[in-house]
Amino acid sequence: MSKNENNPELKNNNGNAKKKVALTAGTFDLLHPGHFNTLDFAKKHADELVVVLARDETVKRIKGRKPVIPEEQRKMMIETLKPVDRAILGSLTDKLEPILNIKPDIIVLGPDQTTYQLEELKSQLLERGFETEIIKVEEYVECPFHSSYDILKEIVKRWCNKEIELK
């Protein structure tokens, strides 16, 4: 018997134990081990993992450049990854909207997350009447290409050095 079975607050309308839902968000442009580390970490904290993908327009506004991979294609790729149960595109007008619609039990921030700062996010959600657990992935995966930007720089370098040719 699940520890949730006897608590009416932890049951859905059918009387079954509610699934614990985790949410994480990001651009997920050129996938690398750090992305998988965050997704895997988030999934270990819940039964269901929902990933909110930043919209192309939002990425351009925040990072000063559009993602290499268009939003619908990034969504398709993230949905195929084992830890992910569902992927959605974020809001163009309110970064909290997907969180407030999904009402996750836990929000997982990546180790280099800059769009959301833990305490600021907690405060913004409380102002909107929603309280949830928020944790940050502490482990940063060190590898040669640990960011989409580093992957892009390497491709450009190899292109300029004529190590890559179009066929």
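**Exercise 1. Work out how many helices and strands the chain has, and in what order they come.**

Start with the count: there are six helices and five strands. Here helices are DSSP runs of H or I with at least four residues, strands are E runs of at least two, and numbering starts from the N terminus.

Two notes before going on. This is a predicted model, where local features need pLDDT of at least 70, side-chain atom pairs count only at pLDDT 80 or more, and totals for chains, interfaces and linings use all residues. Residues are numbered from 1 along each chain as its sequence is written, and side-chain values use heavy atoms, with hydrogens and water left out.

**Exercise 2. Find which residues of helix α1 are buried, and what covers them.**

First, locate α1 at residues 33–43. Then pick out its buried residues (under 20% relative accessible area, 1.4 Å probe, protein chains only): Gly34, His35, Asn37, Thr38, Leu39 and Ala42. Now look at the cover, which includes β1 (21–26), β2 (48–53), α3 (71–79), β4 (106–109) and α6 (148–160). Finally, zoom out: buried residues make up 41% of the 167 residues in the chain.

**Exercise 3. Say which residues lie nearest the centre of the largest pocket, and which element gives the most to its lining.**

Begin with the lining, which has 42 residues. Nearest the centre are Ala25, Gly26, Thr27, Lys63 and Gln113. Then sort by element: β1, α1, β2, α2 (56–63) and α6 each give two or more residues. The top contributor is α2, with five residues.

Technical notes
Buried < 20%, exposed > 50% of the residue type's maximum accessible area, 1.4 Å probe, protein only. Contact = heavy atoms within 4.5 Å. 1 Å grid on protein atoms, 1.4 Å probe; cavity = no way out; pocket = protein on both sides within 12 Å on 5 of 7 lines; lining within 4 Å.
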